[in-house]
Amino acid sequence: MPSEVLVVDHLSKRYGKQAALREVSFRVHRGESVGYLGPNGAGKTTTLKLLSGLCQPTSGSVRVADHDPSTDRDRALGHLGAMVETPGIVPYLTGGDLLSYIARVKGIPSRDRPGAVDRAARPLVTGDVLRRPFGTLSTGLARRVLLAATLVGDPEVLLLDEPTLGLDPAARHDLRGLLRGLARAGKTILLSTHLLEDVQEVCDRVLFLREGALVGDEAVNPGGTPFPGGGEGAVRLRFAADVPPELTRGMGPPSTRVVVEGPRQLLVFFTGGESAQAEIVARAIRSGAPLTTAAPPEPDLARRYLEKVGRQEAT
Amino acid sequence: MSSFSRTLANNAAWEVVRLRRSRRSWLLAIPVVAGPIGSALADLYLKVASVATAEILGLLITGGLSALVVLDLSALAVGEDLTLRTHLLTFTLPQGRGVALAARLLVVTGGALASYAAGAGAAWWLAGRLVSDQVGAAHPILVPLHLFLGLFGFLSFLGGVVAAAAVVTRSSAQALVAGVLAGVVGAGLASSLLLQHQLNATFPLALLGVALGGWGWATAGYGRIES
């Protein structure tokens, strides 16, 4: 089995004269959870539609577990659980009806279907929700049932488009927890969203898309991953007064780069572990500047989003 | 079981669930129940003078009711998911979309035609019990058996047109309107041919051909929907 379960290769899609995707290429390895970020119209949903067989590429190719969804639909989509855009719901059907149908289509034998439906639904809905028609469920509950539908048959890959849309904060928190659990359990997740928090909490890698082109592919949390300047860690130093000029010019090894984030704040990248960080903090103190805090920087996804994608619609 | 037959079976069962949950399954009872009752009332109220005319009347009443059923069920089988955008979920499942739709159409069209056959059979049987030939009664305008068979072509025609219209318009309501208009045109053509004494087996066969074209076009088009 190839380790790359999603392969997108020079993928382009046009709707008439409008280019929705332009030469997008990326690979997602088994067990990775990847965020897919970009403003409206960037091509995120189009990519997911192409991966899930909802539409055909204009040029380039996609492969799911080494199968092309256009030509080998059953095998490719058999590996997927996909929720693209916001699928509508038929008000008179129950969640149980829908999940049983999906289990049936996925080839689960009739004796195993109730168990498969239960396993998919248990993390998301409880009680008699699956027995109630969709028309009687709240938006959030209906969305949970739709998410459960993507889990039927324990698919290897999940393609999720704005999965937390329409959920209240508690449900959103629960869902992120569920997705983190699925990622830890080895599921491959491609999560398209506007909500940076979703990516921050669930994903370990992020792709930035702008006007149909991929403009960034990097780790969500830079801790433990290569930093600018070849460093291995970073520490943010905050002072009670202006930073002494000698610190802004560089701090010498083990630091690799100093970023002046404001008159009283520095972000210092360095190589080495905790001892290197301690050395940098000690130097800052020795400079005589009134150091108030020294802490690893929070992963600044919003800043990177704005750098890559622009100012539109960062949330 | 092959992938093709498995998809057919899965989606036929799915359509049965949908008919049951939506209670649209009750529509299938209308031609069977209301057809014969309406025919019997008409026979008695109009004092129909010949058995053949009563049979034709019964077939037309039952066929008309069946037309409404086939229009409604076909429009919803194709257009409901597209209108509600439920297809965004079902199209990502590992099965051929066209085959899945064909299975659902098979259930609704087959159900409506079976319902027509049962209702028409009952109306026919009642006509023979309630009416007797009177001296000097006018000749029937059609051979009842020909009408019975021809109406299968007409009902199929409506089903095929509505299925194709639902894929084009992506709306069950608009497909229903298209089907009603097609029904009016079909009935008008049939009447015109009848008046010119040119109504023969070619007409219902042509309607059946249009139906097959409509179903084929609908299933192919369903497989190509991209948004």
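I'll start with chain A and its contacts: among those between residues at least 6 apart in sequence, 67% join residues at least 24 apart. Before going on, note that this is a predicted model, and everything I say today is computed from it.

Staying with chain A, the secondary structure comes to 10 helices and 13 strands. Its C-alpha atoms fill a box of roughly 75 × 45 × 35 Å along the principal axes. Of the 315 residues in chain A, 42% count as buried.

On confidence, chain A has a mean pLDDT of 86, with 94% of its residues at 70 or more. Within chain A, the highest confidence is in α3(A), at 96, and the lowest is in strand β11, residues 255-262, at a mean of 76. There is also a stretch, residues 224-230 of chain A, where the pLDDT is below 50. That stretch has 11 contacts in the model beyond near neighbours in sequence.

Next, the cores. Which residues have the most contacts inside the largest nonpolar core? They are L99(A), A148(A), A149(A) and L159(A), and the core has 78 residues. The element that gives the most to this core is α5(A), with 7 residues. To look at one of those residues, L99(A) touches V117(A), A120(A), A121(A), L130(A), A148(A), A149(A) and V152(A), leaving out residues up to four places away in sequence. Apart from this core lies another, of 61 residues, and among them are L28(B), L82(B), A102(B) and L151(B). As general background, nonpolar side chains in soluble globular proteins tend to be buried together.

H10(A) is not a glycine, yet has a positive phi of about 45°. H10(A) sits in strand β1, residues 4-15. Is H10(A) buried or partly exposed? With 13 other C-beta atoms within 10 Å, H10(A) is partly exposed. The other case is D66(A), also other than glycine, with a positive phi near 70°. D66(A) is found in the loop between β4, residues 59-64, and α2 of chain A. D66(A) has 14 other C-beta atoms within 10 Å, so D66(A) is partly exposed.

Now chain B. Chain B has 8 helices and 0 strands, and along the sequence the pattern reads α-α-α-α-α-α-α-α. The radius of gyration of chain B is 19 Å, close to the 17 Å that the globule rule gives for 227 residues, so chain B is as compact as a globular protein of that length. The C-alpha atoms of chain B fill a box of roughly 65 × 35 × 35 Å along the principal axes. Of the 227 residues of chain B, 49% count as buried. Among contacts in chain B between residues at least 6 apart in sequence, 86% join residues at least 24 apart.

The 26 residues of α6(B) should span 38 Å at 1.5 Å a residue, and the end C-alpha atoms are 37 Å apart, which agrees. α6(B) is mostly covered, with 19 of its 26 residues buried. Just after α6(B), R170(B) takes a positive phi of about 55°.

Then α7(B), residues 172-195. At 1.5 Å a residue, its 24 residues should span 34 Å, and the end C-alpha atoms are 34 Å apart, which agrees. Buried residues in α7(B) include S172(B), A175(B), L176(B), A178(B), G179(B), A182(B), G183(B) and G186(B). What covers the buried residues of α7(B)? The cover includes α3 (51-84), α6 (144-169) and α8 (202-224) of chain B. Just after α7(B), H197(B) takes a positive phi of about 55°.

Last, where the two chains meet. How many residues does each chain give to the contact? Chain A gives 27 residues and chain B gives 19. On the side of chain A that touches chain B, the elements that give two or more residues are α2 (73-77), β5 (80-83), α3 (95-105) and α5 (139-151) of chain A. The largest share of that side, 5 residues, comes from α3(A). By class, the side of chain A that touches chain B has 17 nonpolar, 4 polar and 6 charged residues.

To tie two points together, α3(A) gives the largest share of chain A's side of the contact, and α3(A) also has the highest confidence in chain A. I'll stop there.

Technical notes: Residues are numbered from 1 along each chain as its sequence is written. Chains are lettered from A and ligands numbered from 1 in the order in which they are written. This is a predicted model: local features need pLDDT of at least 70, side-chain atom pairs count only at pLDDT 80 or more; totals for chains, interfaces and linings use all residues. Helices (H or I, at least four residues) and strands (E, at least two) are DSSP runs, numbered from the N terminus. The radius of gyration is taken over C-alpha atoms; the globule rule is 2.2 Å times the number of residues to the power 0.38. A residue is buried if 20 or more other C-beta atoms lie within 10 Å of its own, exposed if 12 or fewer, and partly exposed in between; C-beta atoms are placed from the backbone. Two residues are in contact if their C-beta atoms, placed from the backbone, lie within 7 Å. Ala, Val, Leu, Ile, Met, Phe, Trp, Tyr, Cys and Pro count as nonpolar, Asp, Glu, Lys and Arg as charged, and the others, Gly among them, as polar. The expected span of a helix is 1.5 Å times one less than its number of residues. A nonpolar core is a set of buried Ala, Val, Leu, Ile, Met, Phe, Trp, Tyr and Cys residues joined through C-beta atoms within 7 Å. pLDDT is the predictor's confidence in each residue, from 0 to 100.
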